[in-house]
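Hi everyone, thanks for coming.

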Amino acid sequence: MAVIGRVTESSIHTRVLQNLQRNIAKGEKIQEQLSSGKMINRPSDSPTGTVTSMQLRGETRAAQQYSRNADDGLGWLNTAQDTLSSASTLVNRARDLTVQGLSSGTNDAQSNEALASELDQIKSSLIGYANTKYLDRPVFGGTTTGDLAYDATGTFVGNAGQTTRTVGAGAKIRVDANGPEAFGSGSTQLFTVLQNISDNIRSGDTDALADNLNKLDAASNQMKTTLSNVGARYNRIEGMKQSAQDRLLSVTSQLSDVEDVDLPKTIMDMQLQQTSYQAALAASAKVIQPSLIDFLR
Amino acid sequence: MGSSFGGINTALTSLYAQRRALDVTGQNIANANTDGYTRQRVDMQSQVGSISPALYAKTDGLGTGVAVSDVQRLRDEYAENRGRTEHANSAYLTNQTQTYAAIEDTFAEPSDTALQAQLHDMWGTWNDVANNPQLTATRSTLLQQSSTVADGLNSAHDQLASQFSQTHTQLAAYAEEVNTAAATIAQLNGSIVKATASGVTVNELEDQRDAAVMHLSELTGATASLRKNGAMDVFVGNSTLVSEFTTRNLEVSGAVRLDDQATDPMTLRWADTKTSVGAGGTMGAMADTMTTIIPGLSDALDSVAKNLADSVNAKHAAGYGVDGSTGNDFFVSGVPGQPITAGTIKVGITDPDQVAVSSTDPTVIVPPATAGSLDNTVADALADIGDSATGPDREYQAMIGQLGVASQAVSRRNDIQTNVTQQVDAAREAQSGVNLDEEMTNLLTYQRGYEAASRVLTTIDSMLDQLINRTGLVGR
């Protein structure tokens, strides 16, 4: 009964249909890739690619976040830097006035009063600088929830808390400058020194004035040290921001490598698939047609 | 010496036999495209006279014509059994592939909007909160973003649960279908056994029965064996489903909802003995989906949710909100008294001021400071969870990776199995299908046979005419 190699119309039909199906299924996959522009449309398309893609998306997000954090940090440091350099100019003026008060010990009370009141003005301007805010938070106030870093008398009312920004994986950089660091503490605290100088000039106490001039220089140096420190941190964050942006670019191109279709290759694949599909169709049309019936008359 | 008219009978048997053969060929051609039809062939056998001689009745050794001894159904039972096995495997893998595709659609990774992206957005918002802990707006955004993540987990869980319920409904419907098909087979067995016993050919009924058994194989991975009397026994997982004329029933018991699966597992079992059925095919795949795949993924998702809640809560509870509140859980279970799972997780904080951002209590004022201290260390630490090697993100990625591997493996096996099944089908079709060329040739042969038999009849007729009408007329 077994006829080896027996072929029937329906077995040809089954095989031809199966081959055409396989061909068209391949076409469907290529069409899906072309129309979505993605090689990976579901995890099973490439499990490792999917996980890589998810991680790269995470890295993209992180790089964007680092860049945003860096912008915020630069805002803080910029504020601190501008404030400190303006304050520095004012401190220089205060030193001039102090030297003037020291050298002209014979000044009359009226001109001493003028010097002293200008120093008082400078002091309150400096307190104003020290209370500079960035996004509603005093830059020199540590982590205080209050509005002020220094009260009207020049007393520090903030705290020693530090504000940091994450600008890279594990890279947390401080973006504030604490009041006591910028404006000194104890006997060389800028506002105390200025108050003392103004008092000395009013009272004509030149010895104390000379002593306080040294203290003013110490406070001024302290401020300049902090200023250069802030500048250094500003540079560091800018560098980190640049590297975050570079990283963003390279991660985006990696993500594209993993996920996106290789257009020329995919289009070539599609052409090949279409050609072979048409050939298969033409061939099957020819194979099935003739039968013995056509020749029996 | 045989009868003078014996030859007429011989020609007549040939006419009958050739006509029967032409009828069968016609039936084959008519069913050339009928699904499941098995080609038939007429077996002819030459007839001999009485071979046990008696005194007045003995044969001259010549045959007395031809008879149709059988109309054979040309089907190879071994190829059929192979076909049943391969169809069962194919049905199993096709169903698993569809299941995995549906689950992959549930998670919709990788994309810019799915759960992973929602988690990324949430960690980004924690970072924004860390940048500006004093702003209520960013904290409100954080609460919304975190709710989106919780909702994403809830909806992934709900979709898995609804897939479970749908599969259950479908499985129960298939169990009914199997019971009906089994009854049909038992009934066909009855008809076939009776007909075979009385010598009638029932090829078309056997085709029907083979189709029904194939359907059962696809549904349950059933195997079959023929009895000598023509009845067919059907087995599912080594237990009898149809034994000659009697059937057993399948039923689905246990969990209807995914949430009950852990306490009262779903089982596909025999209605009479209540023992579980080792089914293959579509129903076997569905049973595996309900007992292994969906619960496995659901557990993995629960673990991600728990990891998220635990890692965030541990840091959050240690921190202080803007209003000085502390010890609060950020993520809680939406159903009181139940643990945090993907289905129950929700954001427990409603007031943006209670979002813990600081390691120090901002309401405590330490003189000479005139206001409290609000740092961002807690919010910053929370934002870092996103990058943690043991954090929920990594766990979720691993889960999606495993899902992808499992799905890919099943889909590849399905591709291979589809090929094998189609090859086996083509082989079966080659064995039992109708070849029109062959039928045309048979048509010719039998037609010629019929013509020749008619000619024999005519010859004998003219011979007898010679004898009866023209013999002994000498001198007339």
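So, which element gives the largest share of the lining of the second largest pocket? It's α1(A), with seven residues. Keep in mind that this is a predicted model. At least two lining residues each also come from α2, α5 (203-220) and α8 of chain B. In total, 29 residues line this pocket, and those nearest its centre include A:Ser10 and A:Thr14 from one chain, plus B:Asp35, B:Gly36 and B:Glu429 from the other. As for volume, we're talking about 800 Å³. Sort the lining by class and you get eight nonpolar, 11 polar and 10 charged residues.

Okay, on to the largest pocket. How much space lies in there? About 1,400 Å³. It has 36 lining residues, and closest to the centre are A:Ala25, A:Lys26 and A:Lys29, along with B:Ser411 and B:Asp415. The classes here are six nonpolar, 16 polar and 14 charged.

Last stop: B:Ser253. You'll find this serine in strand β7 of chain B, which covers residues 250-253. Is B:Ser253 buried or exposed? It counts as buried, because its relative accessible area is 15%, and the cut-off for buried is under 20%. And what does B:Ser253 touch, leaving aside neighbours within four places in sequence? Its contacts are B:Pro265, B:Met266, B:Thr267 and B:Arg269.

That's it from me, thanks!

Terms used:
Residues are numbered from 1 along each chain as its sequence is written. Chains are lettered from A and ligands numbered from 1 in the order in which they are written. This is a predicted model: local features need pLDDT of at least 70, side-chain atom pairs count only at pLDDT 80 or more; totals for chains, interfaces and linings use all residues. Side-chain values use heavy atoms; hydrogens and water are left out. Helices (H or I, at least four residues) and strands (E, at least two) are DSSP runs, numbered from the N terminus. Buried means under 20% relative accessible area, exposed over 50%, partly exposed in between (1.4 Å probe, protein chains only). Contact means heavy atoms within 4.5 Å. On a 1 Å grid over the protein atoms alone, a cavity is a set of points where a 1.4 Å probe fits but cannot get out, and a pocket is an open set with protein on both sides within 12 Å along at least five of seven lines; lining residues have an atom within 4 Å of a point. Grid points are joined across faces, edges and corners, and a volume is the space filled by probe spheres set on the points. Ala, Val, Leu, Ile, Met, Phe, Trp, Tyr, Cys and Pro count as nonpolar, Asp, Glu, Lys and Arg as charged, and the others, Gly among them, as polar.
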